[in-house]
Amino acid sequence: MTSTAAEAAQQTLRQQVLVLYLASSALDARVVGWSTYDGTGETSPTTGDSDVPPYATGLDALKDGWRLFQAAQLLPPQPGHEYDVSFLKHEFFFEKLV
């Protein structure tokens, strides 16, 4: 493959993003929330369009070829706020280039 052919092939790649919120910071923890985004334009997923997560755990997404590129940093709760309800803090971003 020539360099221009390789460049053209790379330009056609599109990113799909999968955001998984897990029950804990471990990748094998169960999925409690999720979002998907499709840079190919072939699908238009929206919030609440499924009651079943795309994967049971973050590890299952890795096994299916998704690449992990970001995990939320672990911050301890402030004293006195250990049981406050807030955002889902165990957020993991995955991608596929298709």
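The following legends describe close-up views of a predicted model.

Residues are numbered from 1 along each chain as its sequence is written. In this predicted model, local features need pLDDT of at least 70 and side-chain atom pairs count only at pLDDT 80 or more, whereas totals for chains, interfaces and linings use all residues, and side-chain values use heavy atoms, with hydrogens and water left out.

View 1. Helices (H or I, at least four residues) and strands (E, at least two) are DSSP runs, numbered from the N terminus. Strand β1 (15–22) is mostly covered, with seven of its eight residues buried; buried means under 20% relative accessible area, exposed over 50%, and partly exposed in between (1.4 Å probe, protein chains only). Two strands are said to pair if DSSP finds at least two bridges between them. β1 pairs with β4 in the antiparallel sense over seven bridges, and L20 stands opposite F92 in β4. β1 also pairs with β2 in the antiparallel sense, over seven bridges; here the bridge partner of Q16 is D38 in β2. In a regular strand the side chains alternate between the two faces of the sheet.

**View 2. The largest nonpolar core.** A nonpolar core is a set of buried Ala, Val, Leu, Ile, Met, Phe, Trp, Tyr and Cys residues joined through side-chain atoms within 4.5 Å. The largest one has ten residues, namely L18, L20, L22, A29, V31, Y55, A61, W66, F92 and F94. β1 (15–22) and β4 (91–97) are the elements that give two or more residues to this core. The most comes from β1, with three residues.

**View 3. The surroundings of V31.** Contact means heavy atoms within 4.5 Å. Not counting residues up to four places away in sequence, V31 touches L20, Y21, L22, P53, Y55, A56, T57 and G58.

**View 4. Two salt bridges.** A salt bridge is a side-chain nitrogen of Lys or Arg within 4 Å of a carboxyl oxygen of Asp or Glu. By this rule the count comes to two. In one of them, the side chains of D64 and K96 meet at 3.9 Å, N to O. D64 lies in the loop between α2 and β3 (67–71) and K96 in strand β4, so this pair ties together parts that are 32 residues apart in sequence. D64 is partly exposed at 40% relative accessible area, and K96 is likewise partly exposed at 22%. R67 forms a salt bridge with E95, whose closest N and O atoms are 2.4 Å apart. This pair links distant parts of the chain, with R67 in strand β3 and E95 in strand β4, 28 residues apart. R67 is partly exposed, with a relative accessible area of 46%, whereas E95 is buried at 11%.

**View 5. A nonpolar surface patch.** L59, L62 and L68 make a nonpolar surface patch of about 200 Å². Patches are made of residues with over 30% relative accessible area and no salt bridge, like charges being joined within 9 Å and nonpolar side chains (Val, Leu, Ile, Met, Phe, Trp, Tyr) within 5 Å. Accessible areas come from the Shrake-Rupley method with a 1.4 Å probe; for residues, only the protein chains shown count as cover. L59 is found in helix α2 and counts as partly exposed, at 34% relative accessibility.

**View 6. The loop position G41.** G41 lies in the loop between β2 (31–38) and α2 (58–63). This residue is exposed, with a relative accessible area of 56%. G41 and Q15 are 26 residues apart in sequence and 10.0 Å apart in space, C-alpha to C-alpha.
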